[in-house]
Amino acid sequence: MSKIKKILVANRGEIALRVLRTAREMGIATVAVYSEADRDALHVRFADEAVCLGPPASSQSYLRGDKIIDYCKALNVDAVHPGYGFLSENADFAGACSNAGIIFIGPTPSAIKTMGDKLAAKKAVSAYDIPMIPGTDEAISDPKEAMKLAETIGYPILIKASAGGGGKGMRVVENPEELEEQMKLAISEATSAFGDGSVFIEKYIESNKHIEVQVLGDTHGNIVYLFERECTIQRRHQKVIEEAPSMVISEEKRKALGKAAVGVAKACDYVGAGTVEFIYDNGEFYFLEMNTRLQVEHPVTEAI
């Protein structure tokens, strides 16, 4: 791989500044992008060059992958760093960068696509003997079939959007009487939020801890884990407090979690920074999902 001489940071705010500062320390030239509303933002002033993507709405600016690639070509940019949010987990954008001969600083399009679909992710990691929450392996839309499966799994259950995140398309069902209505609501919400109404069912584990493990992979197949962050304290499925290391994990369990996280990353040939999330309950842990990007919480790991 040729040496990167110029990076375009396809983001704004805190993450754009952190990437720009690191690039400067490495002697790499930088390009910032901005919407008309962010014309005077700090990341715009910090970069070596800056280009306007369009109006304030992100759909007309930061999400315009086609414009970003055009600017990369015009300014002889070698690589794009997506930061988090916006285009960071967009497999099509990662593929478009690659097709244009631009390095996407992050995972491959196939890894983003696989781990972005919770059912595909479960299937991919199943070969690595990683503990999974009891539930369905395929999307389900028939309430009667869901009723039978829920009886087998045992209430309470959790209906989850396959393409979901941030708690959208997610419904807890305590008893059979609620199932049909909650399933319709989950499908509707998933369709609205992600354009994909696929849902599946899992056992709902109540008194649990939410543990995530930071992983890093290179292009030679090497993957390491940088320990865990506990993010149990949440509001509406959004993390409020991150703590590292977790106070509930033994050293033995910490190694087992790390090994499992590396297995998940290997399942999709992961490259770059990513986070594997687990549910931890009464000494046992279960794979939840993988975030195929740098996370907002990355400074917590850096601090330890």
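Is Tyr 62 buried or exposed? Tyr 62 counts as buried, because its relative accessibility is 0%. The legends below describe close-up views of a predicted model.

**View 1. Aromatic pair of Tyr 62 and Phe 86.** Five aromatic pairs are counted in the model. In one of them, Tyr 62 and Phe 86 are stacked, with 4.9 Å from centre to centre and 15° between the planes. The two residues are 24 residues apart, and their pair links distant parts of the chain. Tyr 62 belongs to the loop between β3 (49-54) and α3 (65-74), whereas Phe 86 belongs to the loop between β4 (79-81) and α4 (91-99). Phe 86 counts as partly exposed because its relative accessibility is 27%, while Tyr 62 is at 0%.

**View 2. Aromatic pair of Phe 93 and Phe 104.** The ring centres of Phe 93 and Phe 104 are 6.1 Å apart and the planes stand at 80°, so this pair is edge-to-face. The angle qualifies because planes over 60 degrees apart count as edge-to-face. Phe 93 is part of helix α4 and Phe 104 is part of strand β5 (residues 103-104). Eleven residues separate them, and the pair links distant parts of the chain. Both Phe 93 and Phe 104 are buried.

View 3. One aromatic cluster is formed by Phe 278, Phe 285 and Phe 287. Asn 282 is in the loop between β13 (272-281) and β14 (284-291). Its phi is near 50°, a positive value in a residue other than glycine. Asn 282 counts as exposed because its relative accessibility is 71%.

**View 4. Two arginines at the ring of Phe 46.** The charged end of Arg 24 sits over the ring of Phe 46, at 4.1 Å from the ring centre. Arg 21 also lies over the face of Phe 46, with a distance of 5.9 Å from the centre of the ring.

View 5. Tyr 155 and Pro 156 are joined by a cis peptide bond with omega of about 0°. Pro 156 is in the loop between α7 (143-153) and β6 (157-161). Another cis peptide bond joins Ala 244 and Pro 245, and here omega is about -5°. The loop between β12 (238-239) and α9 (251-267) holds Pro 245.

**View 6. Positive phi at Asp 129.** Asp 129 lies in the loop between α6 (118-125) and α7. Its phi is near 55°, which is positive in a residue other than glycine. Asp 129 counts as exposed because its relative accessibility is 74%.

View 7. At 1.5 Å a residue, the 17 residues of α9 should span 24 Å, and the end C-alpha atoms are 24 Å apart, so the two values agree. The buried residues of α9 include Arg 254, Leu 257, Gly 258 and Ala 260. Ala 261, Val 262, Gly 263, Val 264 and Ala 265 are buried too. The buried residues of the helix pack against α5 (109-116), α6, β9 (209-217), β10 (223-230), β13 and β14. Just after α9, Asp 269 has a positive phi of about 50°.

Key. Residues are numbered from 1 along each chain as its sequence is written. This is a predicted model: local features need pLDDT of at least 70, side-chain atom pairs count only at pLDDT 80 or more; totals for chains, interfaces and linings use all residues. Side-chain values use heavy atoms; hydrogens and water are left out. Rings of Phe, Tyr and Trp (its six-membered ring) pair if their centres lie within 6.5 Å; planes under 30 degrees apart count as stacked, over 60 as edge-to-face and the rest as tilted. Helices (H or I, at least four residues) and strands (E, at least two) are DSSP runs, numbered from the N terminus. Buried means under 20% relative accessible area, exposed over 50%, partly exposed in between (1.4 Å probe, protein chains only). A charge sits over a ring if NZ of Lys or CZ of Arg is within 6 Å of the ring centre and within 35 degrees of the ring normal. The expected span of a helix is 1.5 Å times one less than its number of residues. Contact means heavy atoms within 4.5 Å.
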